[in-house]
Amino acid sequence: MRVQNPLRLLNLAGKSLLTNEALAISALKYLPIELFPPLFMEAFCGRHRKTLKALVQAWPFVRLPLGGLMQTPHLGTLQAVLDGLDVLLTQKGYPRRCKLRVLDLRNTGQDFWRMWSGSSVHVSSSSSMAPMAEDGSRIKKPLVPFEVFTELHLKERTMSEFLTYLLKLVEPRDPFIHLCCKKLSMVSFPMDNIMKVLSMVQLDCIQELHVNCTWHLSTLAMIAPLLDQMSNVQKLFVSHIHLPDPEEWNEQHIVKITSQFLRLHHLHDLHLESPLYLEGCLDQMLRCLMNPLDNLSITHCLLTDSDLTHLSQSPNISQLKSLNLSGVTMTYSSPELLPALLEKVSATLQELYLEQSGIRDSHLEAILPALSQCFQLTSFSMCGNLLSMPIMEKMLRHTSELPSLGRELYPVPQESFSSHGILQPGRLAQCRTELLEILKDLGCPRTIWICFTPCPHCGDNTFYHPEPIIYGGNIPA
């Protein structure tokens, strides 16, 4: 029988206080600093709203990492915390003991709560753990704004109750309260609500921006000038922007969007999904990049020969660690363009994804010399292309000298299908046996995966992912 550890005296004291909320609230001015976090945890989990509101107004630490407690957030308790903050920011001066300057609603701060609920307690005298000096009945409000940190995922047709409540707290107090959001996602959110939220967020705090909306290009162009204020964005993801009808096409929209990249001095990850509006215009975006990229993903679109040429010649891709061109049809490209691109990034490239790109034997054979020079490569995927067994053997031999390659995903060999494009399990089993023999012949431990999604013949989205083919090694994590 398992024996549970007994509650610590601090936890017992908190539970005892909360049996009488009025007593707990009146006792806050006398409580030692060590009792505040355990009492807050008990009040939050027990949904003691009045005590929570009072605890916020007397919080003796610089930061309140509320997000670390919100595994299953309850709107009422969150509102109680915001109500306490509302009172704190409305009054003329801070209460005597309150040191609160930052409310953190992100999923951080677990270490803080774990320390205060653990078997040992250590209070730093010089950090956010230090209590406020007690030299007067009230402390004058600081000149620096109060900061509220959160992550925003705007994905509903209407704003959530909590977001609405939070914005009501922030709006009338700007610029005395800063709503700081390091990660912002916009997914099918009404434009008027987006503009309302962005008007209250400190845009220069955003470091990661996701735009996944079924907008027209003109709508994206309307949002683009806000990038000018998002000067610290490091990761940018844009997808599902509709290409306008030919009569609605306006190249000024492209210029308005791409020119904003001039302001993104810290951008190192760029992910563009279905950017049909960039076909033939990729050079405009590349010219506006300020620094070398670490990760570049341009997927599910058409790129012209001119686009690929500009991409391979851009100085901002010379240090790429990850390149994803999945869904970018290479069938009609000049055969020398993709090899030139791989040669440009071979010294630093760690991940390469060329899935569903219409690559056939001749295209792959052209890139093999450049691919075999990518000595930093750790992950490589060619799923969704149509390749024969002879070219796959060549590929395995060229990549066998890559010392770091641990994750390899290849398409089902062409010989595994009937003349009508139907997968034949017997033929696939034979191809798997031949591939294993090739790995044995190469003589080094290796694991490869054979899969396709969708079917390269009919476009069916069936996902086929059999057991890996392993020779003398373990399955990579």
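Trainee: What share of the contacts with a separation of 6 or more comes from residues 24 or more positions apart?

Mentor: It's 81% of those contacts in the chain. Keep in mind that we're looking at a predicted model.

Trainee: Okay! And how many helices and strands are there in the chain?

Mentor: The chain has 16 helices and 16 strands.

Trainee: What percentage of the residues is buried?

Mentor: Of the 477 residues in the chain, 51% are buried. The accessible surface of the chain is about 22700 Å², and carbon and sulfur atoms account for 52% of that surface.

Trainee: Let's look at some helices. At what angle do α12 and α13 pack?

Mentor: At about 20°, with their axes 8 Å apart. Helix α12 covers residues 305–313, and helix α13 covers residues 337–345. Angles under 35 degrees count as roughly parallel, so α12 is roughly parallel to α13.

Trainee: Is that crossing left-handed or right-handed?

Mentor: The crossing of α12 and α13 is left-handed. On the α12 side, the contact is made by Asp305, Leu308, Thr309, Leu311, Ser312 and Gln313. Helix α13 brings Leu337, Ala340, Leu341 and Lys344.

Trainee: How do those residues divide by class?

Mentor: The contact of α12 with α13 has five nonpolar, three polar and two charged residues.

Trainee: I also clicked on Asp307 in helix α12. Is Asp307 buried or exposed?

Mentor: Asp307 is buried, because its relative accessible area is 0% and buried means under 20%.

Trainee: Which residues does Asp307 touch, leaving out those up to four places away in sequence?

Mentor: Asp307 touches Leu278, Glu279, Gly280, Cys281 and Leu282. Take Cys281: Asp307 and Cys281 are 26 residues apart in sequence, and their C-alpha atoms are 7.0 Å apart in space.

Trainee: Nice. New topic: how do the axes of α15 and α16 cross?

Mentor: They come within 11 Å and cross at roughly 30°. Here α15 is residues 389–399 and α16 is residues 425–442. These two helices are therefore roughly parallel to each other. The crossing of α15 and α16 is right-handed.

Trainee: Which residues meet there?

Mentor: From α15, Met389, Met392, Glu393, Leu396 and Arg397 take part. They meet Cys431, Glu434, Leu435, Ile438, Leu439, Asp441 and Leu442 in α16.

Trainee: And how many of the residues in that contact are nonpolar, polar and charged?

Mentor: The contact of α15 with α16 has eight nonpolar, no polar and four charged residues.

Key. Residues are numbered from 1 along each chain as its sequence is written. This is a predicted model: local features need pLDDT of at least 70, side-chain atom pairs count only at pLDDT 80 or more; totals for chains, interfaces and linings use all residues. Side-chain values use heavy atoms; hydrogens and water are left out. Axes are lines fitted to C-alpha atoms, for helices over the stretch in contact, and angles run from 0 to 180 degrees between N-to-C directions. Helices (H or I, at least four residues) and strands (E, at least two) are DSSP runs, numbered from the N terminus. Angles under 35 degrees count as roughly parallel, over 145 as roughly antiparallel, 65 to 115 as roughly perpendicular and the rest as oblique. A crossing is left-handed if the near helix is turned anticlockwise from the far one by less than a right angle, and right-handed if clockwise. Contact means heavy atoms within 4.5 Å. Ala, Val, Leu, Ile, Met, Phe, Trp, Tyr, Cys and Pro count as nonpolar, Asp, Glu, Lys and Arg as charged, and the others, Gly among them, as polar. Buried means under 20% relative accessible area, exposed over 50%, partly exposed in between (1.4 Å probe, protein chains only). Accessible areas come from the Shrake-Rupley method with a 1.4 Å probe; for residues, only the protein chains shown count as cover.
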